[in-house]
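This briefing goes through the ligand surroundings, the sheet and the helix packing in turn. Please keep the sequence and the 3D view at hand while reading.

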Amino acid sequence: MNIKDSNILITGGSLGIGKASAKLLMESGANVAITGRDKGRLHAAAKETGAFPIVADVAVVEDIERTYQIFLKEFQTLDCLINNAGIGGRRPLIDELQLQDLDSVYRVNVFGAALMASKAAVLFKKQNHGHIINIGSTSALKSDARSTVYSATKFALRAMTQAWQAELRKYNVRVIQVNPSEVATAFGSTDRIERKPVDNKLSSEEIAYTIKAVLEMDDRGFIPELSVWATNPW
Ligand SMILES: NC(=O)c1ccc[n+]([C@@H]2O[C@H](COP(=O)([O-])OP(=O)(O)OC[C@H]3O[C@@H](n4cnc5c(N)ncnc54)[C@H](OP(=O)(O)O)[C@@H]3O)[C@@H](O)[C@H]2O)c1
């Protein structure tokens, strides 16, 4: 895809991976909109990156509707949706699990991503091209203790990636899952303050670079899924 002049919608663009991706894609000539729940954080990120802010929660159906209305009014067409918004939630052991633990994280990581993609798919099928990037996790490939909730949502996202690939390839739509291992961001923190860079851990910029690289490939082919590891994170 030619990133220059393309129209890209990134969910969860006020911090971390989403913000770094917005910055890099803007610098590469794309028109980018970012979403997020906190207006102050989102507008600060918009100022920093040059991206267009849409205050919206992917867990709220009306917000998804409104995101597309505002995006299409501003940009007219969509070339790429990046399903990046994601939360970790509580990490209960299985014998401590509550329905609320599953419900809150599934609403963002699974239901939100699916409904955002559904709306993109309507547009992409009509225009016969488009890209969806799902930000998964290495937790989408291998689970661990205390990861009943988060890992299950990322396994679910991976299943949806494969379903959408099967449905949308014939419309020239490329659905790509990027699975980062630990990235030094505000993820999982309650204060929402970005972590300082850690020398041997991944930074949001590596993931932004990965997203740019998979998008830049000629549309004849695409990379269905890839993981990004820190070389020596211990
Ligand atoms: N950091 C890691 O170690 C890591 C590793 C693998 C995968 N990932 C995945 O990468 C993605 C981004 O993570 P990150 O590390 O950049 O997290 P982050 O620093 O916490 O940033 C998350 C972004 O998403 C937004 N967001 C959260 N819930 C949202 C919702 N319901 N609707 C709209 N926006 C929402 C946040 O803004 P507001 O809070 O203001 O809404 C923020 O802009 C997530 O899907 C995560 O699962 C992260």
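Helix α1 gives the most to the shell around the ligand, contributing three residues; helices (H or I, at least four residues) and strands (E, at least two) are DSSP runs, numbered from the N terminus. The model is a predicted one, in which local features need pLDDT of at least 70 and side-chain atom pairs count only at pLDDT 80 or more, while totals for chains, interfaces and linings use all residues. Residues are numbered from 1 along each chain as its sequence is written.

**Ligand surroundings**

- There are 30 residues around the ligand, and those that come nearest are Gly12, Gly16, Arg37, Gly86 and Phe187; a residue counts as near a molecule if its C-beta atom, placed from the backbone, lies within 6 Å of it.
- Two or more residues of this shell come from each of α1 (16–27), β2 (31–36) and α4 (99–127).
- Sorted by class, the shell has twelve nonpolar, 13 polar and five charged residues, where Ala, Val, Leu, Ile, Met, Phe, Trp, Tyr, Cys and Pro count as nonpolar, Asp, Glu, Lys and Arg as charged, and the others, Gly among them, as polar.

**The sheet**

- Seven strands form an open sheet with parallel pairing, in the order β3-β2-β1-β4-β5-β6-β7; two strands pair if DSSP finds at least two bridges between them.
- β3 (52–55) and β7 (225–228) are the edge strands, each of them pairing on one side only.
- From one strand to the next, the twist averages 20°, with axes taken as lines fitted to C-alpha atoms, for helices over the stretch in contact, and angles running from 0 to 180 degrees between N-to-C directions.
- β1 (residues 7–10) pairs with β4 (residues 80–83) in the parallel sense over three bridges, and Ile10 has Ile82 in β4 as its bridge partner.
- Helix α3 (residues 61–75) packs on the sheet, where α3 touches β1, β2 and β3, and its direction makes about 160° with that of β2; contact here means that the C-beta atoms of two residues, placed from the backbone, lie within 7 Å.
- Helix α5 (residues 148–168) also packs on the sheet, touching β5 (130–135), β6 (173–180) and β7, and its direction makes about 160° with that of β6.

**Helix against helix**

- α1 packs with α6 (residues 204–216) at an angle of about 50°, their axes being 8 Å apart, and this makes α1 oblique to α6; angles under 35 degrees count as roughly parallel, over 145 as roughly antiparallel, 65 to 115 as roughly perpendicular and the rest as oblique.
- The crossing of α1 and α6 is right-handed; a crossing is right-handed if the near helix is turned clockwise from the far one by less than a right angle, and left-handed if anticlockwise.
- Residues of α1 in this contact include Gly16, Ile17 and Lys19, and those of α6 include Ser204, Glu205 and Ile207.
- α3 and α4 pack with their axes 10 Å apart and at an angle of about 35°, and the crossing in which α3 passes α4 is right-handed.
- In that contact, Val61, Ile64 and Tyr68 of α3 meet Leu115, Met116 and Lys119 of α4, a set with five nonpolar, no polar and one charged residues.
- The axes of α4 and α5 cross at roughly 15° and come within 9 Å, and the two helices are therefore roughly parallel to each other.
- The contact of α4 with α5 has 16 nonpolar, two polar and two charged residues.
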